[in-house]
Amino acid sequence: MTLDSISRAAVDRIIRVDHAGEYGANRIYAGQMAVLGRTSVGPVIQKMWDQEKDHLKKFNELLVAFRVRPTILMPFWNVAGFALGAGTALLGKEGAMACTVAVEESIAHHYNNQIRTLMEKEPEKYTELLQVIKKFRDEELEHHDIGLEHDAQLAPAYTVLKSLIQAGCSMAIYLSERF
């Protein structure tokens, strides 16, 4: 395998999993809005969701530009994302925000790993992709902080809930990179 094919495989995995992640995030926020959209926290969730919509739009464009196929698990992420968002929102705003903290922390960590991978390969070749990932990572970290500011840690069984959601994120990342 040549360096070009190794790099190509890495970029395909990055774009595929990031597209899936942003799609899943959109479905999570859709579920949260279905439950909490008309409450005082609705505008906060909507603002974060609007940024996620922009992230998904960009990764839709990158799928085409880099000729990467999306994960075959999209129908599953559609249902699972909405269920996670609605389910945690049913615990109240704190539950929704705990979900946000857990997911965004996982995604920021994942984006940092991707940045390292691209920097080790050929950073000048992937300048645009690196800029996109860095920008989105920073926005995910903002969402994480917003979740903490809105009492995520007061959610029922916060530590357990956060751990379960992050385990699910790790599984989703693993599967979406490969399938």
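Okay, housekeeping before we start. The model is predicted, so local features need pLDDT of at least 70 and side-chain atom pairs count only at pLDDT 80 or more, while totals for chains, interfaces and linings use all residues. Residues are numbered from 1 along each chain as its sequence is written, and side-chain values use heavy atoms, with hydrogens and water left out.

Let's begin with charge pairs. Side chains of opposite charge can pair when their charged atoms come close. I'm calling something a salt bridge when a side-chain nitrogen of Lys or Arg is within 4 Å of a carboxyl oxygen of Asp or Glu. How many salt bridges does a search of the whole structure find? The search gives 10.

Take Lys 53 and Asp 50, whose side chains form a salt bridge at 3.9 Å, N to O. Both sit in helix α2, residues 42–65, and they are 3 residues apart, about one turn of the helix. Helices here, by the way, are DSSP runs of H or I with at least four residues, numbered from the N terminus. As for accessibility, buried means under 20% relative accessible area, exposed means over 50%, and partly exposed is in between, with a 1.4 Å probe and protein chains only. Lys 53 comes out partly exposed at 36%, and Asp 50 is partly exposed too, at 35%.

Asp 151 and Lys 93 form a salt bridge with their closest N and O atoms 3.1 Å apart. Asp 151 is in the loop between α5 (127–149) and α6 (158–178), and Lys 93 is in helix α4 (residues 93–121), so this pair ties together parts that are 58 residues apart in sequence. Asp 151 is partly exposed at 31%, and Lys 93 is partly exposed at 23%.

There's a network as well: salt bridges link Arg 13, Glu 177 and Arg 178.

Next, Glu 139. Its salt bridge partner is Lys 135, with the closest N and O atoms 2.7 Å apart. Is Glu 139 buried or exposed? Glu 139 counts as buried, at 12% relative accessibility, whereas Lys 135 is partly exposed at 46%.

The Glu 139 side chain also makes a polar contact with the side chain of His 55, at 2.5 Å. A polar contact is a pair of N or O atoms within 3.5 Å; within protein, one must be able to donate a hydrogen and the other to accept it, and residues adjacent in sequence count only if both atoms are side-chain atoms.

Last stop, the annotation. UniProt, in an unreviewed entry, places a "binding site" feature at Glu 52, Glu 104, Glu 140 and His 143. These residues are spread over 92 residues of sequence, yet they cluster in space, with a largest C-alpha distance of 11.1 Å. Do keep in mind that UniProt annotations may be inferred rather than shown by experiment.

Glu 52 lies in helix α2 and is buried, at 0%. Contact means heavy atoms within 4.5 Å. Leaving aside neighbours within four places in sequence, Glu 52 has contacts including Glu 104, Glu 140 and His 143.

Glu 104 is in helix α4 and counts as buried at 3%. With the neighbours within four places set aside, Glu 104 is in contact with Tyr 29, Glu 52, Glu 140, His 143 and His 144.

That's my tour, thanks.

Notes
Helices (H or I, at least four residues) and strands (E, at least two) are DSSP runs, numbered from the N terminus.
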